[in-house]
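Hello,

Here is the structure you will be working with.

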Number of protein chains: 2
Amino acid sequence: MESQDNNKVSGSVDGIGGSKGGVGMSTKVSICDLILRVLALLLTLAAAIVLGVDKQTKVVPFQFTPTLPLVNVEAHAKWHYLSAFVYSMVANIIACSYGAISSLILLGTLYRKTGLVQIITVFDLVMVGLLFSANGAALAIGLMGYKGNSHVQWNKVCNVFDKFCDQAAISIVLSLVGSLVFMALVAVAVLTFHKRFASRN
Amino acid sequence: MESQDNNKVSGSVDGIGGSKGGVGMSTKVSICDLILRVLALLLTLAAAIVLGVDKQTKVVPFQFTPTLPLVNVEAHAKWHYLSAFVYSMVANIIACSYGAISSLILLGTLYRKTGLVQIITVFDLVMVGLLFSANGAALAIGLMGYKGNSHVQWNKVCNVFDKFCDQAAISIVLSLVGSLVFMALVAVAVLTFHKRFASRN
């Protein structure tokens with residue numbers, strides 16, 4: 001009975017990682033969580049920076065009216081010309097900021113306050129939705145820029161703005177990997193809650 | 001000691017909802033889960049159907065070369081002309097099928113097999129990523145169709161194919177609500193695991 005009572009005290013002090021094994025598991029999971037979180041932060045930060053500095057200027061032949069001859073004009077490509085890229089930028093900045101804040105919270109508490117675990121996991125889930133929708137939007141517009149579409153008569157632009165398109169593609173890939181890391185964070189949390197619960201039964 | 005042993009037996013039989021209160025909570029959560037799952041199934045099914053039957057034919061004036069006069073030609077708009085809409089269709093069909101399969105599994109077991117809970121929740125999470133990316137892609141292309149973009153010289157097409165665009169918008173809204181329901185399923189699972197775990201400590 002005495003040993004049972006000791007376990008109970010230990011459980012109430014340590015919160016989720018109540019038993020000795022539980023504390024070890026909790027710390028291990030927190031470090032794994034922290035590494036993934038910092039990785040997501042860096043990836044979304046890199047995606048935002050790569051997209052933020054993405055611009056290209058080219059001289060292209062242009063015909064103002066069918067009767068006038070072709071003239072060379074300077075054409076600019078900037079990320080904020082396309083609303084899908086603006087959305088991608090905003091989503092990556094939000095995800096990056098959230099990654100920094102949640103990492104600091106995690107460092108401060110190392111999951112001792114159990115109430116934070118569920119709040120952070122739900123926010124991670126929101127980041128998954130936000131980043132995946134932004135990646136879908138940026139990828140759809142990027143692909144349209146690469147291939148064009150004859151049905152709606154939208155011509156491809158990446159044959160002219162090749163550097164701009166390549167840089168946007170790198171940003172999308174970085175953001176996609178970042179969103180997969182946020183997804184992994186939620187999956188790890190779900191599997192951990194379950195494993196901890198099962199080990200208690 | 002006897003009552004403790006009884007609790008242990010009850011726990012091993014009922015799995016997650018081990019105690020009497022736990023069984024009640026498990027059943028309640030399963031019904032809530034089932035309702036949300038069927039709702040997600042119906043929403044993604046409706047989104048796929050609305051998009052699948054989306055087509056419009058219009059007679060529009062067209063000039064083949066600058067020297068020739070305008071002639072009326074028949075123009076068609078179909079959902080499979082745009083790859084973002086094809087992706088949205090595929091994503092909604094996958095999510096709808098998964099919603100049906102997981103609902104049947106849930107009806108069969110009512111969460112008695114605890115291993116299924118985590119697998120289903122992780123798959124729900126994958127559906128969140130899939131649907132949100134598809135919604136982002138469809139919304140980006142849809143908005144381009146409504147507004148156009150002067151920087152890349154992509155003209156709006158929704159002033160011609162108004163019915164087609166309106167129907168695509170309805171499909172996107174249905175799919176968006178469906179993806180939010182899948183997100184709610186993951187959030188409910190995370191909060192439930194946590195609440196059950198906390199109630200055990």
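A residue is called buried under 20% relative accessible area, exposed over 50%, and partly exposed in between, using a 1.4 Å probe and protein chains only. The model is predicted, so local features need pLDDT of at least 70 and side-chain atom pairs count only at pLDDT 80 or more, while totals for chains, interfaces and linings use all residues. Residues are numbered from 1 along each chain as its sequence is written, chains are lettered from A and ligands numbered from 1 in the order in which they are written, and side-chain values use heavy atoms, with hydrogens and water left out.

Disulfides

With a disulfide taken as a pair of cysteine sulfur atoms within 2.5 Å, the count over all chains is two.

In chain A, Cys158(A) is joined to Cys165(A), with 1.9 Å between the sulfur atoms. The S-S torsion of Cys158(A) and Cys165(A) is about -80 degrees, so this disulfide is left-handed. Both Cys158(A) and Cys165(A) are buried.

In chain B, Cys158(B) and Cys165(B) make a disulfide, again with sulfur atoms 1.9 Å apart. Its torsion about the S-S bond is about -80 degrees, which makes it left-handed. Cys158(B) is buried at 8% relative accessible area, and Cys165(B) is buried at 9%.

Cys32

What is the closest cysteine sulfur to that of Cys32(A)? It belongs to Cys96(A), 20 Å away, which is too far for a bond. Cys32(A) is partly exposed, at 36% relative accessibility.

For Cys32(B), the closest cysteine sulfur is in Cys96(B), at 20 Å, also too far for a bond. Cys32(B) has a relative accessible area of 35% and so counts as partly exposed.

Regards
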